[in-house]
Amino acid sequence: MGGIPKTAMNIVAYPIMKMDREILGEILAGGVEKLKEARTVLLGGHSVEDDEIKYGLSVTGFVHPNKILANQGLRVGDSLILTKPLGVGIINTAVKGGLANAQTVKEVTELMATLNQDAASVMQSFSVSACTDVTGFGLLGHLAEMISGSGLSISVDSAAVPIIPEAVEFAAMGFVPAGAHNNRKYRQDMVESGGDFDPILRDILYDPQTSGGLLIGCSEKDALPLQQRLHEAGVHHSRIIGHVTDKIKEKIVLG
Amino acid sequence: MIKELDARGLTCPAPVLLVKDCIDKEDPEELSILVDNDSSNENVTRFLTNKNYAVKTTPRENGEFHLQGIRSGHIEQPDKATSPASSHTAESAQKILVLVTSDRMGRGDNELGEKLMISYLKTINEMGSELWQLIFLNSGVKLTTNASPVLKELQTYEKDGVIILSCGTCLEHFELTAAKEVGGTTNMLDIVTATQLADKIVQVG
């Protein structure tokens with residue numbers, strides 16, 4: 001983290017013989033629009049004929065060697081800020097099942113299409129100890145990566161974690177992607193919670209995110225000003241969601 | 001009649017949709033479902049529980065699971081046609097739905113939070129006839145059980161026509177299903193519907 005993107009290559013898989021080509025055109029145009037927003041040049045790309053649509057970008061950028069933000073580097077007492085709400089994976093599962101209404105689809109699409117560049121730019125003027133983005137491993141999986149091998153423990157204030165409200169309903173109905181269950185099985189030994197911890201909330205904390213937010217570590221003193229600046233920059237969902245407690249057990253404690 | 005479904009070879013959310021479709025169309029008393037992965041097992045179990053089925057899971061060979069769902073005998077849903085609440089709300093200006101999502105009010109001090117919640121629930125009848133439903137979720141369900149400090153008040157409200165409901169999943173989670181002493185049990189779909197129908201929703205917890 002901490003770099004500025006400069007060039008990009010498209011990677012696309014598409015059932016070109018079975019599906020309307022116009023849709024492919026729209027996907028690529030959407031990608032270009034986001035690249036413009038990120039002031040990044042599209043150089044070319046690779047395409048594959050495939051039954052399931054896949055689209056992504058391979059991006060190259062620059063970063064000063066002293067300004068690279070790794071996912072490790074947290075210190076005891078640091079606060080953690082999450083900049084986008086969780087629940088994208090669960091809602092996408094409900095969308096696949098045809099259960100999400102148009103308004104929810106619109107909200108989650110806008111959320112996924114929102115770049116992290118505003119959050120990243122605000123973060124530049126603060127002393128950040130560690131940073132990663134929340135994607136396939138879910139919040140708890142990425143928190144686990146941040147402390148893996150360090151001995152540090154994190155306390156998560158579950159009530160403060162931003163969540164897309166509809167995700168709670170769909171998770172309660174069983175629309176939880178396989179990835180969330182897999183994330184939990186892989187990391188549950190590191191995660192501690194009280195016996196009365198809501199299993200639905202727990203699934204949301206493990207929910208794999210598409211284009212999730214940044215997870216930023218900074219000193220407790222900087223946390224409120226950073227959250228405030230993020231809100232001012234339009235990154236409204238940003239919340240302080242927990243802090244590093246000690247360097248003994250290497251656990252994530254859900255409260 | 002036992003309805004048999006084979007959800008093997010399907011990935012999320014297809015197994016849940018298969019079961020949902022079956023329940024929506026046929027509303028069977030008992031279901032027998034085969035799934036071939038852990039995620040489907042957990043998701044289908046959650047869906048059936050949500051729909052008031054008691055689920056028994058038996059692991060089979062090759063990572064498959066057999067799920068048996070039997071409709072719980074004691075589904076308690078407010079009968080909207082006959083309940084005194086419907087006439088009660090018909091005359092009211094608006095329907096207020098109160099979601100109690102914890103046994104404490106606010107954050108900070110737990111003891112204080114418990115006192116505040118008790119006080120809130122003892123005072124809530126000041127809303128008068130506009131108070132339509134009280135739905136208890138998460139640790140809030142503790143307030144509808146025999147150990148609740150506001151049990152008497154809630155029972156009085158219920159007699160006066162307020163619909164009182166506890167989330168079934170939550171009661172099961174805290175193993176309090178047998179301890180509930182006031183109101184009915186509800187599920188997420190009914191809660192979603194209730195939140196849609198209410199004129200005003202108040203969340204405390």
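With a relative accessibility of 13%, Cys170(B) is classed as buried (buried: under 20% relative accessible area; exposed: over 50%; partly exposed: in between; 1.4 Å probe, protein chains only). The model is predicted, so local features need pLDDT of at least 70 and side-chain atom pairs count only at pLDDT 80 or more, while totals for chains, interfaces and linings use all residues. Residues are numbered from 1 along each chain as its sequence is written, chains are lettered from A and ligands numbered from 1 in the order in which they are written, and side-chain values use heavy atoms, without hydrogens and water.

Cys170(B) is joined to Cys167(B) by a disulfide with an S to S distance of 2.3 Å (a pair of cysteine sulfur atoms within 2.5 Å). The structure holds one disulfide over all chains. Its S-S torsion is about 80°, and the disulfide is therefore right-handed. Cys167(B) is buried at 5% relative accessible area, as is Cys12(B) at 15%.

In chain B, 46% of the 205 residues are buried. Of the contacts in chain B with a separation of 6 or more, 69% are between residues 24 or more positions apart (contact: heavy atoms within 4.5 Å).

In chain A, Val32(A), Leu42(A), Tyr55(A), Leu57(A) and Val59(A) make a nonpolar surface patch of about 340 Å². Patch residues have over 30% relative accessible area and no salt bridge, with like charges joined within 9 Å and nonpolar side chains (Val, Leu, Ile, Met, Phe, Trp, Tyr) within 5 Å; a salt bridge is a side-chain nitrogen of Lys or Arg within 4 Å of a carboxyl oxygen of Asp or Glu. Leu42(A) is partly exposed, at 33% relative accessibility.

Note on methods: Accessible areas come from the Shrake-Rupley method with a 1.4 Å probe; for residues, only the protein chains shown count as cover.
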